[in-house]
Amino acid sequence: TGTGTLTFTNHTAGQSGFIKLVNGSNYTISAAGTTKISSSDLTKISVTGTYILSYYDDGTNAYVVSSANLA
């Protein structure tokens with residue numbers, strides 16, 4: 001088993017974008033303190049699959065939502 005942590009650095013107010021996340025083997029994904037994502041999305045992306053994460057940064061925190069499993 002493995003783990004990973006969603007971490008955003010160099011916060012810039014107004015920055016937004018998309019991230020392709022490929023979880024290859026049921027790795028447990030957690031979030032850094034300044035990465036704001038729902039517990040249900042963390043549970044979802046901790047399952048093997050491919051996800052698109054969208055985020056918006058307010059200069060202090062990155063707010064993240066996840067797509068459904070795309071693979």
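**View 1. Asn-23 lies in strand E2.** Strands (E) are DSSP runs of at least two residues, numbered from the N terminus. The model is predicted: local features need pLDDT of at least 70 and side-chain atom pairs count only at pLDDT 80 or more, whereas totals for chains, interfaces and linings use all residues. Residues are numbered from 1 along each chain as its sequence is written, and side-chain values use heavy atoms, with hydrogens and water left out. Asn-23 is buried, at 3% relative accessibility; buried means under 20% relative accessible area, exposed over 50%, and partly exposed in between (1.4 Å probe, protein chains only). A polar atom of the Asn-23 side chain lies 3.3 Å from the backbone nitrogen of Ser-25, and the side chain also reaches the backbone nitrogen of Asn-26 at 3.3 Å. Leaving aside residues up to four places away in sequence, Asn-23 touches residues including Ile-29, Ile-45, Val-47 and Tyr-51, where contact means heavy atoms within 4.5 Å.

**View 2. Phe-8 and Tyr-55 form a tilted aromatic pair.** The ring centres are 5.0 Å apart, with 50 degrees between the planes. Rings of Phe, Tyr and Trp (its six-membered ring) pair if their centres lie within 6.5 Å; planes under 30 degrees apart count as stacked, over 60 as edge-to-face and the rest as tilted. Phe-8 lies in the loop between strands E1 (3–6) and E2 (16–23) and Tyr-55 in strand E5 (residues 49–57), so the pair ties together parts 47 residues apart in sequence. Phe-8 is buried, with a relative accessible area of 15%, and Tyr-55 is likewise buried at 15%.

**View 3. Phe-18 is an exposed residue of strand E2.** The relative accessible area of Phe-18 is 67%.

Definitions and conventions. Helices (H or I, at least four residues) and strands (E, at least two) are DSSP runs, numbered from the N terminus. A polar contact is a pair of N or O atoms within 3.5 Å; within protein, one must be able to donate a hydrogen and the other to accept it, and residues adjacent in sequence count only if both atoms are side-chain atoms.
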